[in-house]
Amino acid sequence: QVHLVESGGGLVQPGGSLRLSCAASGSIFSFNAMGWYRQAPGKERELVATITRRGSTNYIDSVKGRFTISRDYAKNTVYLQMNSLKPEDTAVYYCNADTVLSFWGQGTQVTVSS
């Protein structure tokens, strides 16, 4: 069983930045990949960014150049640095760990509004 705890969400003005953190209960080194997803009201959950065990990253087109996913093995934590935030980035952001099974965090709300 893997427990994931997200933090770092909040209210930010357009153009602002936030850094989300996802702390895992186990060693993230053993995970196939970790990712960040988001779900806006009335919409399906979508993949935002992933980072594989080898360090390869992938982003959806709408966040490329603005968001960066990274990890810290010593802290068993994955981050999502979000810059130049837009109102359309407003959503609940979820952390995911891809192991033999798939595990999810409880989510953290990000609201981009003036």
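Predicted model: local features only at pLDDT ≥ 70, side-chain atom pairs only at ≥ 80, totals over all residues.

Q: How many disulfides does the structure hold?
A: There is one disulfide. The S to S distance between Cys 22 and Cys 95 is 2.0 Å.

Q: Where do Cys 22 and Cys 95 sit in the chain?
A: Cys 22 is in strand E3 (residues 18–24) and Cys 95 is in strand E9 (residues 91–98). They are 73 residues apart, so the pair links distant parts of the chain.

Q: And are Cys 22 and Cys 95 buried or exposed?
A: Both Cys 22 and Cys 95 are buried.

Q: OK, on to the core. Which residues of the largest nonpolar core touch the most other members?
A: That core has 30 residues, and those touching the most other members are Leu 4, Met 34, Trp 36, Leu 80, Met 82 and Tyr 93.

Q: Which elements give two or more residues to this core?
A: E3 and E9 do, along with strand E4 (33–39), strand E5 (46–52), strand E7 (67–72), strand E8 (77–82) and strand E11 (108–112).

Q: Zoom in on Leu 80 for me. What does Leu 80 touch?
A: Setting aside residues up to four places away in sequence, Leu 80 touches Leu 18, Arg 19, Leu 20, Trp 36, Val 48, Ala 49, Phe 67, Thr 68, Ile 69 and Tyr 93.

Q: Switching to holes. How many cavities of 30 Å³ or more turn up in the whole structure?
A: The search finds one. The largest cavity has a volume of about 60 Å³.

Q: Which residues line the largest cavity?
A: The lining is made of Ile 28, Phe 29, Phe 31, Asn 32, Ala 33, Met 34, Ile 51, Thr 52, Arg 53, Arg 71, Tyr 73 and Val 78. E4 and E5 are the elements that give two or more residues to this lining.

Q: How does the lining divide into nonpolar, polar and charged?
A: Eight of the lining residues are nonpolar, two are polar and two are charged.

Q: Now some backbone. Which phi value does Asn 76 have?
A: Phi of Asn 76 is near 50°, which is positive, and this residue is not a glycine. Asn 76 is in the loop between E7 and E8. As background, most residues other than glycine have a negative phi.

Q: What about Ser 84, what is its phi?
A: Ser 84 has a phi of about 50°, positive even though it is not a glycine. You'll find Ser 84 in the loop between E8 and E9.

Q: Why does Ser 84 count as partly exposed?
A: Its relative accessible area is 40%, and partly exposed runs between the 20% limit for buried and the 50% limit for exposed.

Q: Who else is in the loop between E8 and E9?
A: Asn 83, for one. Asn 83 is partly exposed too, with a relative accessible area of 29%. Not counting residues up to four places away in sequence, Asn 83 touches Gly 16, Ser 17, Arg 66 and Phe 67.

Q: Last one: what is Asn 96 in contact with?
A: Beyond its neighbours within four places in sequence, Asn 96 contacts Leu 4, Ala 33, Met 34, Gly 35, Tyr 37, Ser 102, Phe 103 and Trp 104. Asn 96 is in strand E9 and is buried, with a relative accessible area of 6%.

Conventions:
Residues numbered from 1 in each chain as written. Heavy atoms only, no water. Disulfide = S-S within 2.5 Å. Helix = DSSP H or I, 4+ residues; strand = E, 2+ residues; numbered from the N terminus. Buried < 20%, exposed > 50% of the residue type's maximum accessible area, 1.4 Å probe, protein only. Core = buried A, V, L, I, M, F, W, Y, C linked by side-chain atoms within 4.5 Å. Contact = heavy atoms within 4.5 Å. 1 Å grid on protein atoms, 1.4 Å probe; cavity = no way out; pocket = protein on both sides within 12 Å on 5 of 7 lines; lining within 4 Å. Points joined across faces, edges and corners; volume = space filled by probe spheres on them. Nonpolar A, V, L, I, M, F, W, Y, C, P; charged D, E, K, R; others polar.
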